[in-house]
Amino acid sequence: MSDTIAQIDEIVARLRDAYPNATYELNWTTPEEMLVATFLAAQTTDKKVNEVTASLFKKYPNPQAFADADVKELEQDLVGVSFHRKKSKALKKLNQDLVNRFGGKVPRDINQMIKLKGVARKSANVVLNCCFDIPSGVIVDTHVKRNSPRMGLSTQTTPEKIERDLMKIVPKEHWTHFGPAMIIHGRYTCTARNPNCAECIFLDLCPRNDVSGRRPALPADFKYKDGWRSSAAPAAKTGDAGVIDGWVEHLAEEMDKPYFQRLVEFVDDERGNHQVFPPEDEVFAAFSMTPLEEVKVVLLGQDPYHDDDQAHGLCFSVRPNIKIPPSLRNMYKELKTDVGVSPPKHGYLAGWARQGVLMLNTVLTVRAHEANSHQKKGWETFTDEVIKLVSRECDHVVFILWGTSAKKKAKLINKRKHTILKGTHPSPLSASRGFFGSKPYSEVNAALRKAGQAEIDWGQLPTH
Ligand code: SF4
């Protein structure tokens with residue numbers, strides 16, 4: 001048991017002290033409204049959702065009204081919310097399900113909640129925790145996911161497993177407060193890139209796993225309260241920050257542009273008539289595995305893999321049980337000669353993504369077995385914006401640009417702030433013309449070290 005887990009009662013008590021009224025920023029008056037708001041908040045900021053729901057809830061006062069809605073009209077009513085076309089259909093279905101199976105009332109049981117179309121554990125917990133004060137579980141959003149391992153409360157990396165750990169150690173009567181309070185703590189104090197340890201209420205308890213820089217000194221006679229100078233709790237509420245909220249906050253406007261809406265329609269059409277990779281829920285996996293605030297490296301690829309079951313949303317990476325593709329095989333050879341890491345038997349690179357390597361393709365979807373079939377439909381414009389965003393918002397990022405088309409992206413990057421590593425593509429067609437021997441992995445770590453950042457552990461490649 002870690003020292004912090006042994007002190008969980010103290011952590012819970014301090015969270016209560018610091019954030020006594022912690023709850024969510026989404027506006028609602030009934031649990032059914034909260035369910036709708038939570039549903040709309042995926043990939044959209046709470047502020048935007050609140051703007052939209054202000055009139056939406058007047059027009060559709062109950063689940064029956066949403067269930068009876070004209071999809072096209074609802075689509076217009078959701079303008080401002082990301083993916084409003086898709087969400088209008090899904091929202092109608094969710095409410096039909098709610099009416100048909102539960103008489104239009106949110107069930108007060110998480111096992112029934114997650115059977116509703118489009119409702120996952122986090123949303124179910126938000127509704128049950130915040131509307132009914134039911135301890136159905138612990139809300140694990142991007143902040144809780146990041147900070148639970150950092151504070152020694154979990155060794156897991158997925159929200160589901162972290163939630164399981166937290167449910168074991170946090171006394172049940174505190175679950176409904178613990179999630180929202182930890183979210184505020186993560187948003188304002190224990191932030192992704194620059195946690196404010198000197199002002200933190202947990203400084204004397206926290207192992208600060210993966211936090212670089214020296215631990216700020218505590219006064220010799222430190223006692224919580226006496227010695228605590230927290231700048232915490234600037235707000236009594238917090239938002240339903242999804243894993244990719246940080247991205248959405250900055251990209252919401254881009255996703256509302258006509259070209260992006262046309263792109264979404266194009267991909268939808270393609271999915272209706274062909275097989276498209278990666279699966280719908282993994283198109284943005286690179287963003288959900290590497291929050292904006294945690295980007296340290298950008299590895300740029302081109303097209304997703306187009307053979308069966310390969311692509312899962314990270315460039316160069318394939319699912320664990322899939323044959324390693326040739327380019328990745330060459331990357332592994334260089335990994336061995338460069339940093340002495342014996343490559344795993346699989347090609348699943350999520351372990352890099354979780355350490356801050358944004359593994360971004362320039363095109364995010366492809367029709368099965370037709371390479372480059374979704375080029376020039378809008379993805380390039382979108383991913384250019386992503387590169388510009390990282391360049392603008394992050395500090396000391398290392399951009400890896402392999403091959404001619406990736407190198408062209410250098411013009412989008414601020415060279416005074418960031419390091420750009422240009423090199424030959426690892427494809428079998430070019431690897432022997434400069435990729436082998438280029439030592440990209442040690443170069444990345446040298447640049448990170450120089451910037452005072454933790455290095456990437458390139459050998460950390462678990463299959464889960
Ligand atoms: S001491 Fe630092 S790392 Fe630990 S919880 Fe506080 S801010 Fe986060």
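How many bridges join strand 4 to strand 5 (residues 357-361)? The views below take up this point after an overview of the predicted model.

**View 1. Overall form of the predicted chain.** The chain holds 20 helices and eight strands, which are DSSP runs numbered from the N terminus (helices H or I with at least four residues, strands E with at least two). Its radius of gyration, taken over C-alpha atoms, is 23 Å, which agrees with the value near 23 Å that a compact globule of 464 residues would have, the globule rule being 2.2 Å times the number of residues to the power 0.38. The C-alpha atoms fill a box of roughly 65 × 65 × 40 Å along the principal axes.

**View 2. Partners of strand 4.** Five bridges join strand 4 to strand 5, and the two run parallel; Val298 has Leu358 as its bridge partner there. Strand 4 also runs parallel to strand 7 (residues 398-402), to which three bridges join it, with Val398 as the bridge partner of Val297. Strands pair if DSSP finds at least two bridges between them.

Residues are numbered from 1 along each chain as its sequence is written, and side-chain values use heavy atoms, with hydrogens and water left out. In this predicted model, local features need pLDDT of at least 70 and side-chain atom pairs count only at pLDDT 80 or more, whereas totals for chains, interfaces and linings use all residues.
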